[in-house]
Amino acid sequence: MAKHVGVKLPEDLVNVLKAGLTVGVLSTFSEKGLPHTTPIQCLYPKGLESILISIHKDHTGYHNMVWQKKVMMCFMDEGNVAYSVLGRAGVVRAPSLVHPLMNVVRIDIIDIKSDRSVLTKVDSGVRWSYTSFEAEELSNALMDELKELAVSL
C-alpha cells in the first residue's frame, strides 16, 4: 500500500543514496507517450529536496527527460527501503567534467511515496559490480563529481 511521504528525502533513502551502492530506476515517457525505464547507479542526494544523476547524453531516458522534464524514480534496497520519487529534471552540467559523453541532471522532488508492503519487506536491493577497472574508475569519478555538485550547486 502506497503512503505519501512528502517532498523531502527520508533519512533511510538518503543513507542508501550516499552509500553509492544502490540502483534507481528512472522512468520517462517519449514524445509519443511510450514509457521507458533506465537503471541509474551514479546518483547522489543534493540536500533533502533533489537528486543528482549522471546519464549518457545519447540515452533515450536522457532525451525523454530533457523533452518532458517530469520523471519518476523508484528505489528499493535493504532495510525495507521502497520509495517512488516524482520529480522535475533539469540539466546542470553538459557535458560532465569527467567524461564528454555524460551529462549531470538534477531532479527536484515534487512528491515521494513509500511503497512498503504490509505483507513483505525489501531485504536486499539490486546489486551490481564493475565490468572492468576502467569502468570502476569512471564511475568513481562521476560519483565524486555528483558529490562536489551536491555541495556547490
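Predicted model: local features only at pLDDT ≥ 70, side-chain atom pairs only at ≥ 80, totals over all residues.
Taking a disulfide as a pair of cysteine sulfur atoms within 2.5 Å, the count comes to zero. Cysteine 42 is buried, with a relative accessible area of 4%, whereas cysteine 74, at 29%, counts as partly exposed; here buried means under 20% relative accessible area, exposed over 50%, and partly exposed in between, with a 1.4 Å probe and protein chains only.

Residues are numbered from 1 along each chain as its sequence is written, and side-chain values use heavy atoms, without hydrogens and water.

Turning to the helices, which are DSSP runs of H or I of at least four residues, with strands being runs of E of at least two, both numbered from the N terminus, α1 covers residues 11–19 and has Leu13, Val14, Val16 and Leu17 buried. These cover an arc of only 165° around the axis, which puts them on the same side of α1, the arc being that of the directions from the helix axis to the C-beta atoms.

In α3, the buried residues include Leu142, Met143 and Leu146. Seen down the axis, the buried residues of α3 fall within an arc of 155°, so they line one face of the helix, whereas Phe133, Glu134 and Val151, on the other side, are exposed.
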